[in-house]
Amino acid sequence: MEDALHRFHTLKDVFLLRRAGKKAMAKATALRMELVKKRKVDEETNSETWTPSKEWPEMNTWRDYVSHEINISKELDANFNFAKIHLMSHWAEQIRRYGALEQYSAETQAHAHKTNLKDSWNVSNHNLNYLPHVITFQRPILCFEIRQLNLQALAQRWENSTTACKVFPSGADLAAPLSSLMYAKPEFMGPQNHHDGEHPDAIIKDFRALLDNTQDTMHRVAIYSGTQEFIKHKSRNKMCMWDEQLHAMQLCIYHGINVQVEGFDGDCISQMCRCKGSQSWRRENRRNDWVWVKQRPGRC
Amino acid sequence: MTIGNLSSKICQMPSTHSVVMVALLPISIKNRNIPRKRRNVQRQTNRDVLNEVLWQVLQPLTFKQHPSAECVYYNILCADGNFRRCTPVLPAWLAYCPEYRDLHHLERHVCFWCECPKNELGNYVHPDKQHPWQDHNLYRTLHDANSKADDAELSSRYVHRGFNVFLPIPCIVSFLPESDLLHTMQTGMLNHLQKWIFRFMKTHERLDKYNAIWLSVPAYHDITPKNKSYAEVSQWNGKEMKEMSQYLLAVVTQSLRDRSPTQHPIFNHAFECTRGLLEFYMYARYKSNNDETLS
C-alpha cells in the first residue's frame with residue numbers, strides 16, 4: 001500500500017500540467033499575449049530581411065518556443081497541494097489503529113434532507129412561524145414508523161424461532177436479566193378475568209392444560225418442544241425434566257409486564273411492555289407468548 | 001444521528017430510519033451577498049453560531065453532568081417512546097472535508113489529522129516522518145491565554161480563534177475523523193485522476209481512441225455497459241467511480257499504445273502513476289490487512 005502510494009507520488013508530475021488552475025491559466029494567457037506582441041514588433045523590424053521561404057520555418061520554431069514557455073509557466077504555478085492527496089498518507093496508520101476502512105454511502109443522509117426538511121416545509125402553511133412546525137412534524141411520524149418496525153421485527157422473530165412459546169422456568173427474577181435495581185419485578189397486567197390475585201385464567205392451570213387448550217397441532221408441538229429445549233439447553237439452571245413433571249407444572253400467563261426503569265435524569269419511570277408477537281393479536285385468538293412456569297414450590 | 005453497529009444493509013434503507021434527525025444546523029447566507037469588508041466578521045459569526053448549536057446538542061451527553069455516569073450504562077429514552085440501556089460514546093463520523101474543517105475550527109485546505117503546512121500537502125510523507133498531530137488541548141490553552149503571540153501561534157497552525165465545541169471534550173479530537181473511501185478516494189482522488197487522464201489524452205491527441213475504448217468496455221458482473229463517454233457524463237457518483245476503477249487502467253493502457261520514442265517515457269510515467277493510485281485504492285478496500293499489504 002505504501003509502495004503504491006510512493007510510486008504514485010514519484011510519478012505524479014506527469015499530470016502536473018493538468019493541475020493548472022484558473023490563476024495559472026490566466027498567467028499563461030497573459031504571457032502568450034506578451035510574446036505575440038513581441039513577435040509583431042520583430043516582424044515589423046525584420047520585414048525586409050524575412051523572405052517567405054525563411055518565414056515559415058521561423059514561424060514554426062516560434063510556435064514551439066511559445067508552447068514551451070507557456071508549459072513552463074503553467075508547471076511553475078501548478079501544484080498538487082490539496083487536502084485529499086495528503087489524507088491518503090494517513091491511511092496505513094488509520095488501518096493499523098482502527099481496522100479496515102469502511103465504504104460509506106451518503107445517500108441515506110442526503111435523502112434525509114428531503115424527508116426531514118422539505119416534506120415538513122411543504123406541509124406547513126409557510127408562515128413566519130414555520131420553524132417549530134418543521135421540527136415537530138417529523139417526530140410523530142418517526143415514532144409511529146419505528147413502533148411499526150419494532151412490531152414487524154418481533155413478529156419475524158416469533159415466526160423464525162422454534163419456540164413459539166417462551167417459557168421462563170425460574171420466574172420473575174430471571175425475566176429481568178440484569179440487576180434487580182435496574183429492572184424491578186414484573187407485575188401482572190394480563191387477562192382481565194383475574195380476581196383477588198388468584199390464578200388469572202381458570203382454564204389453564206398447568207402445562208398439560210395449556211397443551212390441551214391449544215387447538216393448532218403445530219402450535220402445540222412447538223410449545224412442547226420449545227419448552228423442553230429451553231429447560232434442557234437454554235435456561236440458566238439447566239436440568240433434566242420428565243414429561244410427567246413438566247405437565248404437572250403450574251403456569252402463570254402474562255400478556256404484559258410493568259417494568260420500572262431508570263430515566264436519563266435518574267428518575268424512576270414505569271414502562272409497560274406488552275407480550276405480543278404481532279400487531280393483529282387483538283382481533284385474533286388470545287396468544288400466550290410469554291409464560292412463567294412455576295418450577296419449584298414457593299417460588300414463581 | 002445514527003448507530004455505529006448497524007449492518008450496512010439496514011443503514012442504507014431510508015425506511016428503516018437508521019439515521020434520525022436530532023437538530024437542524026443553521027445555514028449561513030452566501031458569501032457573495034456580503035460586502036468584502038464584512039466577510040471575515042460574518043465567517044467568524046457563522047462559526048460561533050454553529051459551535052453554539054452543536055454545544056446545545058452534545059451537552060446532555062457529557063458524562064460529567066449525568067449522576068449515574070459511573071455505571072457506564074444508563075437508560076436513554078428512544079424515539080419510539082421506550083427506554084433502552086445505552087453507552088454513549090463519541091465515535092468518528094462521516095463528513096465532507098469542509099464540514100470537518102468547520103467542526104475542528106481549522107482554516108481551508110488543511111489536513112484535520114496533522115499539522116502539515118499548506119504548501120507541503122502534495123508531497124509524499126514517509127510513515128516514519130509524519131507531521132505532528134493536531135493538538136486541541138494546546139489550542140485550548142493558546143485560546144485561553146488570549147495574547148497576540150498566542151493568536152499568531154494559532155494562525156501559524158491554521159486554527160481559528162474562538163470557542164470550539166470539541167475543546168472541552170477530554171479526548172484526542174484529531175483521532176475522531178474517520179478516513180472514508182467515498183469522499184477521499186471515489187469522489188476525490190479518482191475524480192481528479194479521471195480529469196488528469198482526460199486532459200492528458202486531449203493534449204497528446206488520443207482522446208478519440210480513449211473514448212472509443214471507454215465505450216467498448218463490455219458488461220461483466222457489476223460493470224454496466226457504457227452509453228456515454230467520460231466528457232458526456234455531467235456528474236459522477238461514488239458507485240460509478242468504484243465501477244470505473246476496475247477498468248480504467250486497461251483503457252489507459254490500450255489508449256497509450258503505438259507511441260513514438262519521444263512519447264515513450266511520458267506515457268510510461270502516466271501509466272505507472274495511474275496504476276500506483278488504483279493499486280493503493282484496491283489495497284485500501286481490503287477487508288483485512290497485514291504488514292505485507294500495508295507496507
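Helices (H or I, at least four residues) and strands (E, at least two) are taken here as DSSP runs, numbered from the N terminus. On that basis chain B contains eleven helices and two strands, and its elements follow one another from the N terminus as α-α-β-β-α-α-α-α-α-α-α-α-α. Residues are numbered from 1 along each chain as its sequence is written, while chains are lettered from A and ligands numbered from 1 in the order in which they are written. The model is predicted, and local features need pLDDT of at least 70, side-chain atom pairs count only at pLDDT 80 or more, and totals for chains, interfaces and linings use all residues.

A residue is called buried if 20 or more other C-beta atoms lie within 10 Å of its own, exposed if 12 or fewer, and partly exposed in between, with C-beta atoms placed from the backbone. Of the 295 residues in chain B, 23% are buried. Two residues are in contact if their C-beta atoms, likewise placed from the backbone, lie within 7 Å; among the contacts in chain B with a separation of 6 or more, 55% join residues 24 or more positions apart.

Helix α7 of chain B (residues 207–215) shows how burial can be arranged on a helix. Its buried residues are B:Tyr210, B:Asn211 and B:Trp214. They lie on the same side of α7(B), because they cover an arc of only 95° around the axis, the arc being that of the directions from the helix axis to the C-beta atoms. These buried residues of α7(B) pack against α6 and α9 (248–255) of chain B.

The loops of chain B also hold buried positions. B:Val173, in the loop between α5 (148–156) and α6 of chain B, is buried with 24 other C-beta atoms within 10 Å. Leaving aside residues up to four places away in sequence, B:Val173 touches B:His104, B:His136 and B:Phe166, and its C-alpha atom is separated by 10.0 Å from that of B:Trp133, 40 residues apart along the chain.

Most residues other than glycine have a negative phi. B:His105, however, has a phi near 65°, a positive value; B:His105 belongs to the loop between α3 (97–104) and α4 (136–145) of chain B and is buried, with 24 other C-beta atoms within 10 Å. B:Asp258 has a positive phi too, near 55°, and sits in the loop between α9 and α10 of chain B, but B:Asp258 counts as exposed, because it has 9 C-beta neighbours inside 10 Å.

In chain A, the axes of helix α2 (residues 22–45) and helix α3 (residues 52–77) come within 9 Å and cross at roughly 150°, where axes are lines fitted to C-alpha atoms, for helices over the stretch in contact, and angles run from 0 to 180 degrees between N-to-C directions. That angle makes α2(A) roughly antiparallel to α3(A), a label for angles over 145 degrees. The residues of this helix contact divide into seven nonpolar, one polar and seven charged, where Ala, Val, Leu, Ile, Met, Phe, Trp, Tyr, Cys and Pro count as nonpolar, Asp, Glu, Lys and Arg as charged, and the others, Gly among them, as polar.

Finally, the contact between the chains takes 64 residues from chain B and 61 residues from chain A. On the side of chain B that touches chain A, β1 (74–77), α6 (181–203), α10 (263–284) and α11 (291–294) of chain B each supply at least two residues, and α10(B) gives the most, with eleven residues. By class, that side of chain B has 36 nonpolar, 20 polar and eight charged residues.

Methods. Angles under 35 degrees count as roughly parallel, over 145 as roughly antiparallel, 65 to 115 as roughly perpendicular and the rest as oblique.
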